Amino acid sequence: MDKPTYLKFLVSNAAAGSVIGKGGSMITDFQKDSGARIQLSRNQEYYPGTADRIIMISGKIDDVLKAMDLILNKLLSEIQSEDGDDADQRSKVRLVVSNNCCGAIIGKSGATIKSIIEDSQAGIKISPQDNNYIGLTDRVVTLTGSFEEQMRAIDLILSKLTEDSLYMQSMNAPLSYPGVLFAGIHRVPYAYVHPPVGTATYNANYGPNGVGARYPSNKEDRGNSLTIGVADEHIGVVVGRGGRNILEISQASGARIKISDRGDFMSGTSNRKVTITGSLRAIRTAEAMINQKVASVSES
């Protein structure tokens with residue numbers, strides 16, 4: 001098929017680096033080998049409510065599918081090198097689709113999505129609209145299954161979307177979400193509090209215990225603080241080996257993160273206190289990254 005189209009999907013910051021390659025070498029090769037154009041949102045320009053960047057592939061439909069094949073193969077090979085044979089079961093593809101185009105995937109009484117699932121054997125889940133973000137009109141379509149099942153589902157979904165005139169009208173929409181406003185963090189047991197005393201500090205540029213940690217002079221940045229509860233058994237995945245995960249979260253978000261000592265729980269729970277301090281944007285990003293780490297353990 002020669003009809004021009006596009007596809008948007010989400011990747012972690014680390015995966016975005018793998019797609020770009022050293023000096024842009026990998027993305028150049030992907031574009032040359034597929035004939036498609038590949039664009040990424042800028043560093044720290046994330047999909048609302050996540051710490052994930054957006055990749056957009058555009059061109060003829062066959063070229064877009066070829067580029068998607070190359071990118072997913074690359075990312076899957078990296079997961080396999082870390083996780084071995086479990087990589088297929090753990091890999092997910094998260095497509096970004098405008099809310100008013102999701103009907104093309106669902107079909108009348110769900111007939112289309114049922115047909116796509118039966119044909120591809122992939123799992124397909126369409127997120128509800130996120131009411132925490134004012135002005136966000138996109139939804140996330142998550143595909144699970146083997147590489148072949150995911151690629152077949154992408155082929156079928158993209159063919160349906162390309163037939164939709166509304167979908168094609170959004171082809172030149174920006175990859176960032178400047179007009180989307182966060183409606184506030186209001187999920188229990190989260191609450192804005194000052195950092196608790198006697199907690200372990202991790203900072204992007206410094207090691208555990210906040211040795212030499214510098215605090216910004218900006219009053220707005222210093223004044224925002226959010227404490228969330230994380231189950232004691234999940235603290236390990238938030239911190240990571242040698243504090244690697246929490247340093248990465250702090251570095252990517254620009255927030256400071258403190259975790260309460262063992263046995264210091266949120267009142268009435270067995271959840272440790274994780275206090276995030278910084279600008280509202282930094283807090284939002286760090287919170288999303290922490291939730292992502294915890295969700296990855298809960299789902300496995």
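A polar contact is a pair of N or O atoms within 3.5 Å. The model discussed here is predicted.

Q: What makes the pairing of the side chains of aspartate 138 and tyrosine 177 a polar contact?
A: The two side chains are 2.7 Å apart, and the cut-off is 3.5 Å. The pair therefore counts as a polar contact.

Q: Why is aspartate 138 said to have no salt bridge?
A: The nearest side chain of opposite charge belongs to lysine 8 and is 5.1 Å away. A salt bridge requires a distance within 4 Å, so aspartate 138, although buried, has none.

Q: Where is aspartate 138 found, and which residues is it in contact with beyond its neighbours within four places in sequence?
A: Aspartate 138 is found in strand β7, residues 138-144. Beyond those neighbours, aspartate 138 is in contact with Tyr47, Val96, Val97, Ser98, Asn99 and Tyr177.

Q: Which residues is isoleucine 57 in contact with, leaving aside its neighbours within four places in sequence?
A: Among them are Thr5, Phe9, Ile38, Val64, Met68 and Ile71.

Q: What share of the protein chain is buried?
A: Buried residues make up 47% of the 300 residues; the label requires under 20% relative accessible area.

Terms used. Residues are numbered from 1 along each chain as its sequence is written. This is a predicted model: local features need pLDDT of at least 70, side-chain atom pairs count only at pLDDT 80 or more; totals for chains, interfaces and linings use all residues. Side-chain values use heavy atoms; hydrogens and water are left out. Helices (H or I, at least four residues) and strands (E, at least two) are DSSP runs, numbered from the N terminus. Buried means under 20% relative accessible area, exposed over 50%, partly exposed in between (1.4 Å probe, protein chains only). Lys and Arg count as positive and Asp and Glu as negative; His and the chain ends are not counted. A polar contact is a pair of N or O atoms within 3.5 Å; within protein, one must be able to donate a hydrogen and the other to accept it, and residues adjacent in sequence count only if both atoms are side-chain atoms. Contact means heavy atoms within 4.5 Å.
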